[in-house]
Amino acid sequence: MSVFFEQYFDFHVMGEHFWEVLEAFLQNLLIWVAALILVLIWGLILAFLRQLPGKGFAPIRFLTIAYIDVFRAIPCLVVILLISGGVPFLTFLPKGVRIPEWFGKPDPFWYGVASLLLVFGAYMAEVYRAGIEAVPKGQMEAARSLGMSHTQAMRHIILPQAVTKVPAPMLNESISLLKETTLVSFIAFGESVLVSREILAERLNSSALILTAFFFLVIILPLARLVDYLIKRNQTKVTRGTHIEVA
Amino acid sequence: MAEPILQLRNVHKRFGKLEVLKGVDLDVNKGEVICILGPSGSGKSTLLRCVNLLAPPEEGEIFLEGQDICKGPGSGTGESSWNLDFVRQRVGMVFQQFNLFPHKTALENVTLAPMKVLGKSRAEAEEKGRALLERVGLGDRLGQYPETLSGGQQQRVAIARALAMEPHVMLFDEVTSALDPELVKEVLDTMRELAEEGMTMLVVTHEIGFAREVGDQVVFMDGGVVVEQGDPAAVLDNPREERTQRFLGLVLER
């Protein structure tokens with residue numbers, strides 16, 4: 001058994017590499033925050049486009065649905081490899097886009113953010129959609145009968161209610177997004193998994209990876225509890241027959 | 001004397017294969033209260049939805065203040081067309097399920113559309129909103145959210161919200177059907193006052209008493225057509241058509 005513990009829980013290895021792994025994990029958090037902010041916005045835009053009414057918007061609806069379906073079906077890693085391995089060679093793009101080094105972050109960081117944005121934007125669009133569809137139909141009718149345009153009704157009436165109906169699935173997607181940031185290790189960005197693997201190769205010891213897992217646990221476990229709490233709160237609200245109040 | 005404000009000519013409405021309105025004609029004069037009765041599924045609510053284009057008719061004509069709202073410039077695209085703005089600024093609607101915005105206070109429910117659609121300033125919209133809520137007897141509930149109000153109070157906020165757009169015609173779609181019996185009166189009283197002030201109203205209702213007392217005309221619909229129409233006393237007390245007699249018999253039995 002001691003062999004097992006030495007392989008996975010060597011506190012000597014953990015201690016020696018603690019700050020190195022933590023620093024790398026902070027890179028995961030940075031990718032996460034950057035991607036999450038953009039995902040929340042992009043998902044909302046996609047959900048809005050998908051709900052546009054009338055025959056005139058049918059092509060936009062079709063394209064949006066196609067986008068959402070395609071990016072939910074492709075493995076995230078494939079998207080990362082397609083972006084990082086292809087975009088630098090698209091010479092019609094300006095150099096700042098082909099090889100982005102914004103805010104002092106190297107290009108793999110941004111390829112990672114872009115790929116996660118493309119994929120999780122599609123997931124988040126479905127979350128918003130569920131929220132939009134959970135808003136009673138009469139809300140849109142009331143808004144339209146008062147003279148509001150479809151866009152005004154979405155912005156002032158439907159979307160503010162929709163987001164309060166889906167905090168739990170939204171958090172779940174956010175948790176997945178955080179875990180998927182480790183895929184950026186495939187394109188040589190120094191985040192926690194890449195750094196831990198280097199340590200594994202050097203020391204033939206898995207404790208740094210366990211340390212990485214531990215850092216994810218520390219962030220995600222409270223979030224998972226929060227999801228449970230939100231679901232429970234939502235259920236009691238529903239059984240009392242009232243809405244979640246936003247304001 | 002009678003000045004026509006709304007005229008329906010041979011209005012048809014289909015949902016897929018189901019034809020809900022099979023050629024409805026109706027004339028409404030300014031200041032009139034028309035009460036529409038009929039069994040469920042007769043097309044009463046759909047008729048109201050046609051008038052404010054929530055469910056535009058496939059066939060026929062609807063003239064509002066002389067304009068054919070089904071064929072206004074830019075119609076046919078379905079959205080953001082001229083006739084939609086024209087209609088929604090002139091026609092207010094109150095729904096069976098109130099449809100108040102739950103994330104807005106009573107006052108915000110009333111002021112939102114005037115600010116966003118008519119471009120009124122907040123101060124202007126709130127002054128008007130306060131006055132309207134005062135008028136429906138809710139001057140002390142401005143800051144409350146809909147879920148803290150009773151059904152009757154919510155419906156009165158909904159009436160104030162529609163009035164804030166200064167409509168020329170008001171549509172009422174079974175506005176007391178979802179209310180507890182003791183709350184019906186306060187809503188009907190509000191509507192009665194509105195009628196006395198000269199508002200043109202189309203009222204889909206099962207309240208025979210209200211139709212008799214407040215209505216200028218009673219329209220009985222069944223199977224997507226107007227079966228009988230006329231003076232409330234005539235239609236309610238001496239219906240000519242057998243279908244009207246049967247329906248009134250069932251309703252009045254209660």
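## Terms and basis

A residue is called buried when its relative accessible area is under 20%, exposed when it is over 50%, and partly exposed in between, with a 1.4 Å probe and protein chains only. Helices (H or I, at least four residues) and strands (E, at least two) are DSSP runs, numbered from the N terminus.

This is a predicted model, in which local features need pLDDT of at least 70 and side-chain atom pairs count only at pLDDT 80 or more, while totals for chains, interfaces and linings use all residues. Residues are numbered from 1 along each chain as its sequence is written, chains are lettered from A and ligands numbered from 1 in the order in which they are written, and side-chain values use heavy atoms, with hydrogens and water left out.

## Helix H1 of chain B

Helix H1 of chain B spans residues 44-51, and seven of its eight residues are buried, which leaves the helix mostly covered. The buried residues are B:Lys44, B:Thr46, B:Leu47, B:Leu48, B:Arg49, B:Cys50 and B:Val51. After H1(B) comes B:Leu53, which has a positive phi, near 65°.

## The interface of chains A and B

Contact here means heavy atoms within 4.5 Å, and 24 residues of chain B are in contact with 22 residues of chain A. The buried area, that is, the accessible area (1.4 Å probe) that two parts lose on being put together, summed over both, is about 2100 Å² between chain B and chain A, with carbon and sulfur atoms giving 60% of that area.

The rule for a salt bridge asks for a side-chain nitrogen of Lys or Arg within 4 Å of a carboxyl oxygen of Asp or Glu, and across this interface one salt bridge is found. The side chains of B:Arg49 and A:Glu141 form a salt bridge, at 2.7 Å from N to O. On the side of chain B that touches chain A, helix H2 (82-88), strand S6 (91-94), helix H3 (106-116) and helix H5 (151-163) of chain B each supply at least two residues, and H3(B) gives the largest share, three residues.

From chain A, A:Gln139 lies in helix H7 (residues 137-145) and is buried, at a relative accessible area of 5%. Leaving out residues up to four places away in sequence, A:Gln139 touches A:Ile157, A:Ile158 and A:Gln161, and also B:Asn99, B:Leu100, B:Phe101 and B:Pro102.

## Cysteines

How many disulfides does the structure hold over all chains? With a disulfide taken as a pair of cysteine sulfur atoms within 2.5 Å, the count over all chains is zero. For B:Cys50, the closest cysteine sulfur is that of B:Cys70 at 7.6 Å, too far for a bond. B:Cys50 is buried, at 0% relative accessibility, and A:Cys76 is buried as well, with a relative accessible area of 10%.

## Positive phi angles in chain B

B:Asn10, a residue other than glycine, has a positive phi near 50°; B:Asn10 belongs to strand S1 (residues 4-15) of chain B and is partly exposed, with a relative accessible area of 36%.

B:Glu174 is likewise not a glycine and has a positive phi of about 45°. B:Glu174 sits in the loop between strand S7 (169-173) and helix H6 (181-196) of chain B, where B:Glu174 counts as buried at 12% relative accessibility.
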